[in-house]
Amino acid sequence: EPNKSIKKLATFLNRSYSDEQIQSLIEFTSLKNMRENNKNMVQIKIDVNIYEKDMEFFRQGKIGDWHNYFSHE
């Protein structure tokens, strides 16, 4: 559950956030919203020199999807 993980990380960092702030962070970092905000990702792709036309920064967001792109070697 993202809520628990964020609270645990905040405690580790000696920070505290309201439930509204945590919910906002959860929504902001959702895969759906990050895909929609892909225009900011283009700059990151350029900065790290991995930009390719029509390249998707976020793939499916599924566990194990890397098998479709990489070998076990």
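Let me start with the surface. The protein chain exposes about 6,700 Å². Carbon and sulfur atoms supply 53% of that area. Keep in mind that this is a predicted model.

Now the interior. The chain has 73 residues, and 12% of them count as buried.

Next, the fold. We have four helices and zero strands. Reading from the N terminus, the order is α-α-α-α. How about contacts along the chain? Take those between residues at least 6 apart in sequence. Of these, 24% join residues at least 24 apart.

Helix α1 covers residues 2–12, and helix α2 covers residues 19–28. At what angle do their axes cross? Roughly 115 degrees, and the axes come within 10 Å. The crossing of α1 past α2 is right-handed.

Which residues make that contact? On the α1 side, they are Pro2, Asn3, Ile6 and Lys7. On the α2 side, they are Asp19, Ile22, Leu25 and Ile26. By class, the contact splits into five nonpolar residues, one polar and two charged.

Stay with Lys7 and Asp19. They form a salt bridge. The closest N and O atoms are 3.6 Å apart. The cut-off here is 4 Å, so the pair qualifies. How many salt bridges does the rule give? The count is one. Lys7 sits in α1 and Asp19 in α2, so the bridge ties together parts that are twelve residues apart in sequence.

Is Lys7 buried, exposed or partly exposed? Its relative accessibility is 39%. Buried means under 20% and exposed means over 50%, so Lys7 falls in between, as partly exposed.

On to the loop between α1 and α2. Two residues there are worth a look.

Ser18 is one of the residues in this loop. Its relative accessible area is 30%, so Ser18 is partly exposed.

For background, most residues other than glycine have a negative phi. And the accessibility? Asn14 comes in at 69%, so it counts as exposed.

To wrap up this region. Helices α1 and α2 cross at roughly 115 degrees. Lys7 and Asp19 form a salt bridge between them.

Key: Residues are numbered from 1 along each chain as its sequence is written. This is a predicted model: local features need pLDDT of at least 70, side-chain atom pairs count only at pLDDT 80 or more; totals for chains, interfaces and linings use all residues. Side-chain values use heavy atoms; hydrogens and water are left out. Axes are lines fitted to C-alpha atoms, for helices over the stretch in contact, and angles run from 0 to 180 degrees between N-to-C directions. Helices (H or I, at least four residues) and strands (E, at least two) are DSSP runs, numbered from the N terminus. A crossing is left-handed if the near helix is turned anticlockwise from the far one by less than a right angle, and right-handed if clockwise. Contact means heavy atoms within 4.5 Å. Ala, Val, Leu, Ile, Met, Phe, Trp, Tyr, Cys and Pro count as nonpolar, Asp, Glu, Lys and Arg as charged, and the others, Gly among them, as polar. Buried means under 20% relative accessible area, exposed over 50%, partly exposed in between (1.4 Å probe, protein chains only). A salt bridge is a side-chain nitrogen of Lys or Arg within 4 Å of a carboxyl oxygen of Asp or Glu. Accessible areas come from the Shrake-Rupley method with a 1.4 Å probe; for residues, only the protein chains shown count as cover.
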